[in-house]
Amino acid sequence: MKIFIASDIHGDAVSCERLLSLYGESGAERLLILGDILYHGPRNDLPEGYAPKKVIEMLNRVSSELLCVRGNCDTEVDQMVLSFPILADYAWLSFDGVRIFATHGHKFNKETPPPLKRGDILLCGHTHIPAAEEFGEGNLYLNPGSVSIPKNGSEKQYILLEDGEVSFLSLDGRLLGQYEISK
């Protein structure tokens with residue numbers, strides 16, 4: 001199984017369109033979005049391609065393939081225009097024998113982790129900074145960065161998770177890094 005993971009679209013239709021194109025080409029079975037879908041938030045500048053109504057249209061077309069969790073910029077009003085659920089603060093996923101706690105990162109993160117067993121993965125967005133770091137007691141923290149407003153010198157990017165390997169890829173299709181998940 002292959003999962004395509006992205007976060008922090010923030011209403012950027014240009015980046016969302018590229019993301020969906022890459023998702024279609026990837027052969028992934030699902031697109032997991034870790035929140036902050038439509039609104040850019042008060043702390044961020046408007047993304048260059050800011051057009052949330054276009055993002056709504058694009059994502060609603062692939063609604064049956066999406067898994068989403070709520071970001072700090074996602075609201076009940078957003079849910080009214082999206083045809084897939086976005087208001088869960090987290091989701092537990094089981095993937096290739098590994099348990100993954102998927103969340104946006106504003107409530108649960110490395111500093112305030114959810115209850116994790118040894119070997120569980122904490123998958124967050126929110127910071128706009130990509131990461132693959134071991135923490136806690138045998139846990140892994142993964143962050144795909146942001147597809148619209150990257151920070152700390154990172155690029156617009158996403159993660160592909162397949163066969164125990166995490167691949168960080170840029171929106172222009174370049175491999176930026178890989179991490180092997182130990183089971």
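Here are some questions and answers about this predicted model.

Q: How are residues numbered, and what pLDDT do local features need in this predicted model?
A: Residues are numbered from 1 along each chain as its sequence is written, and side-chain values use heavy atoms, with hydrogens and water left out. In this predicted model, totals for chains, interfaces and linings use all residues, side-chain atom pairs count only at pLDDT 80 or more, and local features need pLDDT of at least 70.

Q: How many helices and strands are in the chain?
A: Helices (H or I, at least four residues) and strands (E, at least two) are DSSP runs, numbered from the N terminus. From that end the elements run β-α-β-α-β-α-β-β-β-β-β-β-β-β. The chain therefore has three helices and eleven strands.

Q: Which radius of gyration does the chain have, and why does it agree with a compact globule?
A: The radius of gyration is taken over C-alpha atoms, and the globule rule is 2.2 Å times the number of residues to the power 0.38. The C-alpha atoms fill a box of roughly 40 × 35 × 30 Å along the principal axes. For 183 residues a compact globule would come near 16 Å, so the chain agrees with its value of 15 Å.

Q: What percentage of the 183 residues in the chain is buried?
A: A residue is buried under 20% relative accessible area, exposed over 50% and partly exposed in between (1.4 Å probe, protein chains only). Buried residues make up, of the 183 in the chain, 52%.

Q: How far apart are the centres of the positive and negative side chains?
A: Lys and Arg count as positive and Asp and Glu as negative, while His and the chain ends are not counted. Each charge is placed at NZ of Lys, CZ of Arg, CG of Asp or CD of Glu. With 17 positive and 26 negative side chains, the centres of the two sets are separated by 3 Å.

Q: Is K2 buried or exposed, and which residue's backbone oxygen lies 2.7 Å from a polar atom of its side chain?
A: K2 sits in strand β1 (residues 2–6). Its relative accessible area is 17%, so K2 is buried. Contact means heavy atoms within 4.5 Å, and beyond four places in sequence the contacts of K2 include F95, L160 and E162. The backbone oxygen at 2.7 Å from the K2 side chain belongs to S26.

Q: Which side chain makes a polar contact with the side chain of S15?
A: S15 belongs to helix α1 (residues 13–26), and it is buried because its relative accessible area is 2%. Beyond four places in sequence, S15 touches V147, S148, K156 and L171. A polar contact is a pair of N or O atoms within 3.5 Å; within protein, one must be able to donate a hydrogen and the other to accept it, and residues adjacent in sequence count only if both atoms are side-chain atoms. At 2.8 Å, the partner of the S15 side chain is that of D12.

Q: Which residues of helix α2 are buried?
A: An α-helix has 3.6 residues a turn, so residues three or four places apart point the same way. The cover over the buried residues of α2 includes α1, β2 (30–33), β3 (66–68) and α3 (76–81). In helix α2 (residues 52–61), the buried residues are V55, I56, M58 and L59.

Q: What is the phi of H10?
A: H10 is in the loop between β1 and α1, and its relative accessible area of 1% is why H10 counts as buried. D8 also lies in the loop between β1 and α1, with a positive phi near 55°. For H10, which is not glycine, phi is positive too, near 50°.

Q: How far apart are the C-alpha atoms of G164 and D96?
A: G164 is in the loop between β9 (157–162) and β10 (165–170). It is buried because its relative accessible area is 6%. Beyond four places in sequence, G164 is in contact with D96, Y179, E180 and I181. G164 and D96 are 68 residues apart along the chain, yet their C-alpha atoms are separated by 6.9 Å.
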